[in-house]
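Hi,

Here is the structure I promised to pass on. Have a look at it first, and my notes follow below.

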Amino acid sequence: MSNARLSGAAQGNARWQTPEAARRIARRNAAERRFKLIGLGAIVLSLAFLALLLVIMLKNGLSGLDWSFLTGSDSTDPDVAGVWGATKGSLLTMLVTLLLSFPMGVLAAIYLEEFAPKARWIEWVEVSINNLAAVPSIIFGLLGLAVFINTLGMPRSSPLVGGLTLALMTMPVIVISGRNAIKAVPPSIRDAALAIGASKMQTVFHHVLPLALPGILTGTIIGMARALGETAPLLMIGMRAFVVTPPGGITDPSSVLPMQIFLWSDEIDSGFVQNTSAAIIVLLVFLLAMNGLAIYLRNKFEVRW
Amino acid sequence: MILTGVLLAVLGLGFVGWFAARGRARLLHTGRGSLHSMPSYHGWHVVLWIVIPALLAWAAWSAIMPGLVDGAVMADPAAAQLPADAMSRAAVVSEAKAIAQNPDQAAFNPLAQTLAEPVRAAHQRFGLIGALLVVIVALAGGGWAFTKVRANYPARTRVERAVMGVLLLASLMAILTTFGIVASLVFEAGMFFKDVSPIDFLLGTHWSPGSARGDNLGESFGAVPLFWGTIYIGAIIAMVVAIPLGLMSAVYLTQYATPTIRKWLKPVLEILAGIPTVVYGYFAALTVAPIFRDFAASLGMANPSTESALAAGVVMGVMIIPFVSSMADDALAAVPRAMSDGSLALGATKSETIKKVLLPAALPGIVAGVMLAISRAIGETMIVVMAAGAAANLSANPFASMTTVTYQIVQMLTGDQEFNSPKTLSAFALGLVLFIVTLVLNIIALRVVKRFREAYE
């Protein structure tokens, strides 16, 4: 009886030790390694593309980055042209965007997360926020053109209109990240504040909001970085004017950094290749700094409850 | 100008009011529980009563002031010489207004020059009246609220009710934006469809708005080549690049990479998504397109164009990789652990488990992610503007120049033409189509993702 079982086991073992079985196992292991290599290859290929892009921009543009380039404004002469005018336009536009979208986004996030009743129209708000976050940016440009310029008669090409348009685009991003940050604050904080007699409003503004603020700020910076690199909606509202002097205020015609890149990329003079790449480096440095700040804020203030 | 200055004055008044009311409320404090609301709430109550009525008055006055100025200018003796025809009259008046704003400007019409002075005077007079009105309203509101500073006055409740109203308004902005988009697109597209029938627009195969004139407008606005170019570049070429690379990156990062490698590689991969599209567009036009052109020439094609669907599509695909990768990442993470454990326990290798169990189980989530990626790709503008070209070709040759919906929107709206021509209006019709398609893709994808998550919970 036990003999038979033993011989069965031996037979079983023997089945795994035939050359044919060994070949099959080797084949499956090879397939395993191949699959893993394909995965690694996919990542390496993507990153190689990124590296190629950065290297080409650095190679073309680094020699053009000097003080006169950083302080000059647009010009038809590639040696004189600089990015300060466009940078100032970008800063003014971002200022308008931030001043509008940050308070609006945070207040909407607070309402939806803390006060909103379970009602039909709240669902509509949520659906439209999620959809706005995915609407192509060029559609916001059409909205800006039709509403701000043609209906309300605001000055074309101005940071005011650009900032308004980008604020509408950035607001959903801030609302979504704000809601997640507020949701992450544990209910015990609210219970504690309510238990010692704070009103619901005091609980939210004195306790929940400060704890959620690092998360909200991270989302805001990421949304602003996206707005800073955006070109298509600004093209719609005419921010492609040739502007030689930096804008003095938010109603002056101006250009923005990505738009300057686009305009220079169209120039035939080969001197502008260097300018375009140098402007791209400036833009990427700004974006890198903003994203770095967002990561720093997240790591420094993120609380694990 | 005066009206802008008065807003600062109102804010200053609010500041003063806050301190005054808080100070007075503090004097009322006689011990624990003697006040209904904390002193600072009385301060805020006064601020609200100063700022909100003043802002309303300011908005109302800004709305009626142009009418008043016009009335005063028309009553001026200089206006008697104005032409009777309403249109040329409006032109002169608007020129006079521009001169009043900016005296250095040269007058095109001598009449405008003489009229500029009355315009300026009227502006000044009504501006001053408006400023006084706003300040009076602010003082009245603040004064009334200040008399309410009493120990038992529920200032906190009132302030909180106002804050609640502000919160509500902020969350309504999203609906307002959506409504604004739909309304402006539908309105302008409706004007376009008055001239061109929607059937010609959606089914016509000839797109040449430049030559559109006369009665046969419909023949020049056939958008099928645009739709084809958009689908070919965004949904076919870009996806051929993005799906394999994104999916395999996600598989490697979630299944094979050690936590340390994952922690480093994932953010670096995300950089691809953070690079502005104008940079990709420049890269496509400067580096990628010439490579493909030379490749096409070496295949024996006669004068291949620099602008090719392939260059735009490939670069767009690379841009989408991190997006597909993170969607696939989520989908793979949602598959229950027990399923892959079961497969491994039966003796399948890891790659067999991934191919036969994990990926099929995660398929709905991955498909939804791909749909979202497509909706992004077809709405992408700068890459195609800079690399895909303007020719409305209905061809399957990836090396041919091809145009897309977004490219044509940009093209139609950046030239110098009057706003209400069919050419500019066609951009809004294209925008409407783009909006509807991306909306439908997003709604379906989000629904699939939701149902998929529920299936495994």
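**A buried valine in chain B**

Val149(B) is buried, because 22 other C-beta atoms lie within 10 Å of its own, and the cut-off for calling a residue buried is 20 or more. Keep in mind as you read on that this is a predicted model.

Where does Val149(B) sit? Its place is in the loop between α4 (110-147) and α5 of chain B. Setting aside neighbours within four places in sequence, Val149(B) is in contact with Ala21(B), Arg24(B), Ala25(B) and His42(B). Take Arg24(B): although 125 residues separate it from Val149(B) along the chain, the two C-alpha atoms are 7.3 Å apart.

Chain B is split into domain 1 (2-153) and domain 2 (210-455).

How many residues does each chain bring to the contact between them? Chain B gives 64 residues and chain A gives 63. On the chain B side, helix α5 (residues 155-195) supplies the largest share, with 19 residues. Sorted by type, the chain B residues that touch chain A come out as 41 nonpolar, 19 polar and 4 charged.

**Over to chain A**

An unreviewed UniProt entry annotates "transmembrane region" at residues 37-58, 91-112, 132-154, 160-182, 203-225 and 278-297 of chain A. I looked at two of those spans in the model:

- Residues 203-225 of chain A are 100% helix and 0% strand, with the end C-alpha atoms 31 Å apart.
- Residues 132-154 of chain A are 70% helix and 0% strand, and here the end C-alpha atoms are 23 Å apart.

UniProt also lists "domain: ABC transmembrane type-1" for residues 87-294 of chain A, again from an unreviewed entry. In the model, residues 87-294 of chain A are 76% helix and 0% strand, and the end C-alpha atoms lie 21 Å apart.

One helix pair in chain A is worth a look too. Helix α4 (residues 84-115) of chain A packs against helix α7 (residues 159-183) of chain A at an angle of about 35 degrees, and their axes are 6 Å apart. The crossing of α4(A) and α7(A) is right-handed. In the contact of α4(A) with α7(A) there are 20 nonpolar, 9 polar and 4 charged residues.

That's what I have so far.

Cheers

Technical notes:
Residues numbered from 1 in each chain as written. Chains lettered and ligands numbered in written order. Predicted model: local features only at pLDDT ≥ 70, side-chain atom pairs only at ≥ 80, totals over all residues. Contact = placed C-beta atoms within 7 Å. Helix = DSSP H or I, 4+ residues; strand = E, 2+ residues; numbered from the N terminus. Nonpolar A, V, L, I, M, F, W, Y, C, P; charged D, E, K, R; others polar. UniProt positions renumbered as here; feature names shortened; annotations may be inferred. Domains from an automatic or database assignment. Axes fitted to C-alpha atoms, helices over the stretch in contact; angles between N-to-C directions. Left-handed = near helix turned anticlockwise from the far one by under 90°. Buried ≥ 20, exposed ≤ 12 C-beta atoms within 10 Å, placed from the backbone.
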